[in-house]
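This briefing is intended to be read alongside the sequence and the coordinates. It covers the chain as a whole and then a selection of local features.

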Amino acid sequence: MKYRALITSEMIKPMLEETLSENIEFEYAGYHLDHEVMDREELKRRIADVDILVCEYDTIDREIFDCAKNLKILLCCRGNVKSVIDLENKKKKGIIVCNNSGRNSVAVSDMTIAFMLDLTRNVTLTNNLIHNRVITTDIQTKPDEYADTVWGLDNNSPFIRFRGRSLNHMTLGLIGCGFAGQQVAKRAKSFDMDIIGYDPYIDPAKVPDSIRLVRMNEFLQKADIVSLHCVLTPQTKGMFNKKMFDAMKPGSYFINTARGELVNENDLIEALNSHHLAGAAIDVTATEPIASNCPLLDAENLIITPHIAGSAYDVQVQGTKMIVDSLTDWLEGKKPRNCVVYR
């Protein structure tokens, strides 16, 4: 007899079924079908008879666990499953829980590098100035005999005003040296950057040689670019505040692709508007979606994107592969890979 699995997350269906359909009968619902979180009453009804649940945005609390009479293994396609799964009730039920920690680390690292290049080379800034007709002109000042093509030859020219910085002369500082931080370091190394890291929770033996772990004081003094890749906890909430920004190098850059609540946004605005920071790029904010009257929108030299760093087509491929690996282990009687709690 086959196990029954309910899939409510965004998965690559053929990858699941080609590998596991001999032992598992799959049914799909909720976010998998229409990018809408399943109604709780429907989830309570449909989870009653399944052995396996693969979820992502559904909240699996005591009420849901009480309805899951046959549930044996729960696989959540997120890194921090505590935000959607009541692990204490899971333990009482004896259900195995797995996560997909690191599935979007490549996507996040790509976005981080894009932010670094954008900030240091004024890509978005000058693009907006051109499209808003701020630095366009119908008057040509270049001498007729000058063969090259430039936007002017005086101190007001874009060539002078928006002169950037090359990454190979800069030090990248990573707050958090886990999956995403290590992927950023891997890419930054190709730019010949010096890379330092701060992560009091990681085993130093698991940190690649490309990252040199340092204390926070040294970190803030040396980093030309600070990039956040840590989880949100009571200890890290609001960790980047006025004191931290003031301790950063004058003219440095700040990037956050982790969680908005890691940052005191008013203090970030002050650091930007005072020009202590040369610029910042954030993919996350304390309140999402961001409100039209949010003070961040008026901050100087700030790039904001709508929480898309971890959104790339290959993320679903990697996430599905991780689910297949975990379920394969479980079917073979092994402790599943990516296991958060094992019985």
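The chain exposes about 18,300 Å², of which carbon and sulfur atoms supply 48%; accessible areas come from the Shrake-Rupley method with a 1.4 Å probe, and for residues only the protein chains shown count as cover. This is a predicted model, in which local features need pLDDT of at least 70 and side-chain atom pairs count only at pLDDT 80 or more, while totals for chains, interfaces and linings use all residues. Residues are numbered from 1 along each chain as its sequence is written, and side-chain values use heavy atoms, with hydrogens and water left out.

**Overall architecture**

- The chain contains 13 helices and 13 strands; these are DSSP runs numbered from the N terminus, with helices (H or I) of at least four residues and strands (E) of at least two.
- Along the principal axes, the C-alpha atoms fill a box of roughly 85 × 45 × 40 Å.
- Of the 343 residues in the chain, 46% are buried (buried means under 20% relative accessible area, exposed over 50%, and partly exposed in between, with a 1.4 Å probe and protein chains only).
- Among contacts with a separation of 6 or more, 58% join residues 24 or more positions apart; a contact means heavy atoms within 4.5 Å.
- The chain carries 40 positive and 47 negative charges, whose mean positions are 7 Å apart. Lys and Arg count as positive and Asp and Glu as negative, whereas His and the chain ends are not counted; each charge is placed at NZ of Lys, CZ of Arg, CG of Asp or CD of Glu.

**Helix H9**

- Helix H9 spans residues 179-189, and its buried residues are Ala 180, Gly 181, Val 184, Ala 185 and Ala 188.
- Viewed down the axis of H9, these buried residues fall within an arc of 135°, so they line one face of the helix; the arc is that of the directions from the helix axis to the C-beta atoms.
- Phe 179 and Lys 186, on the other side of H9, are exposed.
- Helix H6 (105-121), strand S6 (171-175) and strand S7 (194-198) are the elements against which the buried residues of H9 pack.

**Cysteines**

- A disulfide is a covalent bond between the sulfur atoms of two cysteines. Here it is assigned to a pair of cysteine sulfur atoms within 2.5 Å, and by this rule the count is zero.
- Cys 76 is buried, with a relative accessible area of 0%; the closest cysteine sulfur, in Cys 55, is 4.4 Å from its own, too far for a bond.
- Cys 230 is also buried, at 15% relative accessible area, and its sulfur is 10 Å from the closest cysteine sulfur, in Cys 177, again too far for a bond.

**Met 239**

- Met 239 lies in the loop between strand S9 (225-228) and helix H11 (242-247) and is buried, with a relative accessible area of 18%.
- Not counting residues up to four places away in sequence, Met 239 touches Ile 175, Met 216, Cys 230, Met 244 and Leu 262.

**Backbone geometry**

- Most residues other than glycine have a negative phi, and most peptide bonds are trans.
- A cis peptide bond, with omega of about -5°, joins Glu 288 and Pro 289; Pro 289 is in the loop between strand S11 (277-282) and strand S12 (302-304).
- His 35 has a positive phi, near 60°. This residue is in the loop between helix H2 (31-34) and helix H3 (40-46) and is partly exposed, with a relative accessible area of 45%.
- His 275 has a positive phi of about 65° and lies in the loop between helix H12 (265-273) and S11.
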